[in-house]
2 protein chains.
Amino acid sequence: MSAAPPGAWVRTVALAAPSLGDNTADAERLTDALRRELGGAEVDLDLDLLQRLPGMLREHGYRVRCTVFPDRGRFALTGVAAADTNRIAAGLAIDLGTTRVALRLIDLATGAHLAEHGCDNPQGVIGPDVLARIHHADTPGGLNELTRLVVDGLNEAIGRICEAARLAPEAIAAVAVAGNTAMTHLFLGLEPRWMIREPYLPVVNRPGVRRAADLGLRAGPWARVLVFPNIGSYFGGDLVAGILFSDLHRRPETALLVDVGTNAEVVLGNRDWLVGCAGAAGPALEGGVTRMGMTAGPGAVDRVAIDPASGEFRLRTIGGLPPRGICGSGVIDLAAQLFRAGMIDVRGKLVPPACGARLRVVDGIRYLVVVPAAESATGGPLMVGQPELDSLVRSKAAMYTILETLALTVGLRLEDIGTVFVAGAFGCLIDPRSAIAIGMLPDLPLERYVPIGNSSLEGAAMALTAAAAPAEIDRIRDRITYLELNVNPEFMQRFSAAKFLPHTDLGRFPSVGREQLNRHSGA
Amino acid sequence: MSAAPPGAWVRTVALAAPSLGDNTADAERLTDALRRELGGAEVDLDLDLLQRLPGMLREHGYRVRCTVFPDRGRFALTGVAAADTNRIAAGLAIDLGTTRVALRLIDLATGAHLAEHGCDNPQGVIGPDVLARIHHADTPGGLNELTRLVVDGLNEAIGRICEAARLAPEAIAAVAVAGNTAMTHLFLGLEPRWMIREPYLPVVNRPGVRRAADLGLRAGPWARVLVFPNIGSYFGGDLVAGILFSDLHRRPETALLVDVGTNAEVVLGNRDWLVGCAGAAGPALEGGVTRMGMTAGPGAVDRVAIDPASGEFRLRTIGGLPPRGICGSGVIDLAAQLFRAGMIDVRGKLVPPACGARLRVVDGIRYLVVVPAAESATGGPLMVGQPELDSLVRSKAAMYTILETLALTVGLRLEDIGTVFVAGAFGCLIDPRSAIAIGMLPDLPLERYVPIGNSSLEGAAMALTAAAAPAEIDRIRDRITYLELNVNPEFMQRFSAAKFLPHTDLGRFPSVGREQLNRHSGA
C-alpha cells in the first residue's frame, strides 16, 4: 500500500501586506501565494467565497490556513481560517455500498482518523439489490426518490460521525465517494436505466469533482466531492479505490484483488497491466452471499467451527454479543465446516443423516439450525435453508470461474499469482482456508492471502490526503481492461464445473484433497 | 480591429453508436468527440446537464449540436440540441456602465447581431456615481440591494432584447460582461469598500468564468458568464474589452485608446507594451462631464454649432426629436462653440456681454439658455450653469493631463501618437475638433482620430465569438502597466496649467491658435 503523505491540501500562507506599490486584489494575493505553495497550479474560488474573502483576510491579518482540493490540474479553495486556528479541517471518505455505507472522518492536515461510522444504504427500503433499484429509478419520481434517500441518509450519517468527532459538518472541506457504478449514478441523480440494457452504458465514466453544495451534501460551504470514476456499468469506483489502496497498479509482480461483497469483484494485474471483472456480469451472483444472513455488525456470526468429534458448533460473533444473524465470512466458514463435517455434500445439499437434530423442514424446504432459539438474540432459531446454500454454491462458483477466466485471459495460471488481496467491509473478513475449502478462492499457500479490510473506504481516504492520488485514480481508470463475461462463451461451461465443492476437478485443490484424506484416515 | 472568426464555440458532432465493443459512457462519448473537434481540450459537464444527457443523446440519435465555452484551458458544455436544429444558440454581450447598460444579442454560430438594447443602470436610484454606490454598499443590506438591482435590471433587459429577437432567454448559452471595477464588483456581490481606501484593493482581479445560474442571470441552464478582468480599482474590464476590440495590444505602431465616459480612461501602447490610466484617480473628474446633461438617447442634443455671424444656436438631437437634454458630445461641442463665440473665456467663465439675452442668473448663479422653453421637449428651458462649465473645465483638464502624463511617462510626445481611438457609447461620439478646441484632446491631425463606438460592448461581443479572445483577454490584463496618478507629484501642477481653454501653453494647440487668428482677422 502506497504511503499517503498527509496534509498536502492544507497550507498556511502569510501574504504580503497590501500597499500602494502592490495593490493586487485580495483574491489574487491569496491565490498567487497558494500557487507558489502548490507547485504552480492555479487556485479557483467560488463566488460566495470571493464575497467573504476580504473580511476573512483582514480579520486574520493576511495570515491564513487554507484548504484546497485538486480538480483537473487546478485547485479549488475549499476553506480559509486563521493561520493559528486550532479548528480541524476534515475530510470525509465514503464507501457507498449497495447494502452498507461506511464513512471515515479524517484530519486533512495529519491524516489522523477522527471517527468511523457505518449504516445501511437507506435505498434498501426500495429494494435489496442493484437491479430492483434501477427498475425503481425508471418509475415516475423513482430516481429522485432514490437520490434523496441516499443523500438524506448520508447527511444523517455525516451528522452522527461529526457528533462523534465533536466537529461541525461545516468543518468538512473535502469528500471522496467510492461506490459501484449504479450506486454512484443513483447518488448523483443520473439515470441508471441504460446500464442494464445492452450495450450497458453508464451516463458517465468520470463524474469528477463536484461541489458538495450541488450534491446537497452537508459539508463546508466550499467543500468538494471527488466521485471515483468507473470503467463501465459493472466495474465501479469502489474497485478503482481498492486498486489505489492495494497499490496493485504499481507493483512489479502480478497480484490479485478480490472483493467479495454483494458482487464478486476482481482485478488482476501489476504496474504494466490491469484486467478487471465483476460478478454482476455472471447471473449466478444476483443477490449474492448476503441473502443468507445479515450484514456485518454487532451480533453477527463471523466465524464458525464445527467440532469434528462432537459435532458441536462453535461460533464467534462481532462484539461477542448473542448471535442475531450471520455475515458473509460466517457463511463461508459455515459452508466449509458443514462440508468438512459431511453435513452438506459436494453439490452443497444438506445431508439429513449427518445433520441429525439440526435439520428442520418447513414448507418442504430443508433448513439447518445454526443457533437454537434459546441461544439467539432474536428469540427464534438462526437457520440456513437449502435455497441459500444453493445460492452460496452459485456465488462461490461464479467467483472461482471469474478468477479462472481472468487468469486464462492473460495467460496465467492461478497458482502463479503471488499475492491475493482480500477486501471485505466492517471487519467481516473471509478466512481464506474456508474460501479454499469450498472452492471459492484458488488453493494457494495461505501466506499469499492478505486481508486489506474495506479497500473501497481506504482508497477513498487516500484520495483525500495523498498528493498523487487524483492523478493515480485517473491513471488506474484509464489502464484497466474490463473483461465482459456476458460475451465469453466458455464462462458458463467453467461455471458448471465450479458448482461442486470444492470443484469437479479436485486436482485443483490439493490441500482440500489432502485434508479429506487425512480426516478419512482418522488423522 | 482583429478578425473575429465566429462559430468557434458551436460544434456539431456525430457520435459513434454505442455497442458491446464500445460501451464508453454517454458523457465521455460526447466529450471525446468534442475534444477532437476542439483541438484536444477537455470538456466539462454540469451535474444537471449530465442528468439530462442520456435522454437528449438518444432523442437526437447521437447527432448533436453543442455549444461550449472556454474556461481556463478547458471547455464547459453549455448546451445540447439536435444536429439539425434551427434554434439559434445566442450569446449576450453586456457593457455594464455606471450610468448606462448596453446589451447586444449575437448568433454564436455566425456572429450575426440579433438585437441591441440599452437601459439606465438601475443602481442610479441609489446614487449617480460610483462613490455614492460604494458608500451605500457599506450600509446594512446595501451591497445585496445594489447587486439585486443590477441583476434584476439585466434580467429585465434580457427579457426585452430576447423579445426583440424572438428568442427565449434560455437560448443564451454564453454571456460576456465588461464593466469598470466597481460595477463588476457590485454585479458579483463583492464588497467594494476596499477599492476606495488606500491602497485601493479590489476583491478580485480576474473574476473568470462563472455559471449564469450562480449569478442569477436569465439564460440557458448551463450558460457561462465571462466577467472581464480588471487591472485595479480604477482600471476595469470595460477598458480591457476596449483594448481587445481596438487591437491596440497587437499593433506595431503606438496608439492611444480614449474613453470619455463617466470617467476619463486612457490606454497608450502597442504590441510590446501597454500603459493605462483612469480619470477617477484624478479628483477633478468626480461626477464627470455627464453632470451637465443627460445620457445619450432620443432627444439628446449631440451636436452644437453657433453661427459666428448671427449667434444663432444650431442643434442636432438624437433621432431628430425636440431636445430634452444634452449628452457628452453635445456638451463638448457647446463648450467649444461658446469659447469660439467669446461667450465663455479662457477659464470657461460665462461672459455676460457676449451671452446677451441667453444669460440668466438664478440664486446668484449664472446660466446660459441653450434651448428656450418653447423649443424644448421638457416645457422648460435647457440651461447650462457656471458650476457645470467649471466641472467640464476640470474634466477636460484632467483628461489632457492624464494624456500628457502618460506620454511623458513612456518618453513620448503626444504628437508622435499615430492613431487615437475614441470610444463612446450610444452613438454619442465626441467631435475631435471640439475636443481639441477646448484642449481636452491633443492637437493632432483630425485623420488620426478614429471613432470606435462602444468599445467595451464590442470587446465583450468579441469574447463570445473569437476563438483567441479568452487567451488575449488574459494577456492584455497581464501586460498593462497601470499608472497611479495619486502618487504622481507633477500631476496637479500640469492639471492647473490645463485648466485653461485650450491650455496655458497655446503653442500646444497650433490649430486652435490659427483659427483664433483667422477669426480675429475677419477670415
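Which strands of chain A does helix 12 lie across? In this predicted model, helix 12 (residues 455-465) of chain A lies across strand 5 (90-96), strand 6 (100-107), strand 7, strand 8 (172-179) and strand 10 of chain A. Its direction is at about 150° to strand 5 of chain A.

Now for the sheet itself. In chain A, six strands make up an open sheet, and their order is 7-6-5-8-10-9, with mixed pairing. At the edges sit strand 7 (113-120) and strand 9 (208-211) of chain A, each of which pairs on one side only. On average, neighbouring strands of this sheet are turned by 20° against each other, direction ignored.

Let's zoom in on strand 10, taking chain A and chain B in turn. Here is how it pairs up:

| Strand | Pairs with | Sense | Bridges |
|---|---|---|---|
| Strand 9 of chain A | Strand 10 (residues 224-227) of chain A | antiparallel | four bridges |
| Strand 8 (residues 172-179) of chain B | Strand 10 of chain B | parallel | four bridges |
| Strand 9 (residues 208-211) of chain B | Strand 10 of chain B | antiparallel | four bridges |

In chain A, Val209(A) has Leu226(A) of strand 10 as its bridge partner. In chain B, look at Val227(B) of strand 10: Val227(B) is the bridge partner of Val177(B), and Gly208(B) stands opposite Val227(B) as well.

Is strand 10 of chain B covered or open on its faces? Both faces of strand 10 (residues 224-227) of chain B are covered. Arg224(B) and Leu226(B) are buried on one side, and Val225(B) and Val227(B) are buried on the other.

Conventions: Residues are numbered from 1 along each chain as its sequence is written. Chains are lettered from A and ligands numbered from 1 in the order in which they are written. This is a predicted model: local features need pLDDT of at least 70, side-chain atom pairs count only at pLDDT 80 or more; totals for chains, interfaces and linings use all residues. Side-chain values use heavy atoms; hydrogens and water are left out. Two strands pair if DSSP finds at least two bridges between them. Helices (H or I, at least four residues) and strands (E, at least two) are DSSP runs, numbered from the N terminus. Axes are lines fitted to C-alpha atoms, for helices over the stretch in contact, and angles run from 0 to 180 degrees between N-to-C directions. Contact means heavy atoms within 4.5 Å. Buried means under 20% relative accessible area, exposed over 50%, partly exposed in between (1.4 Å probe, protein chains only).
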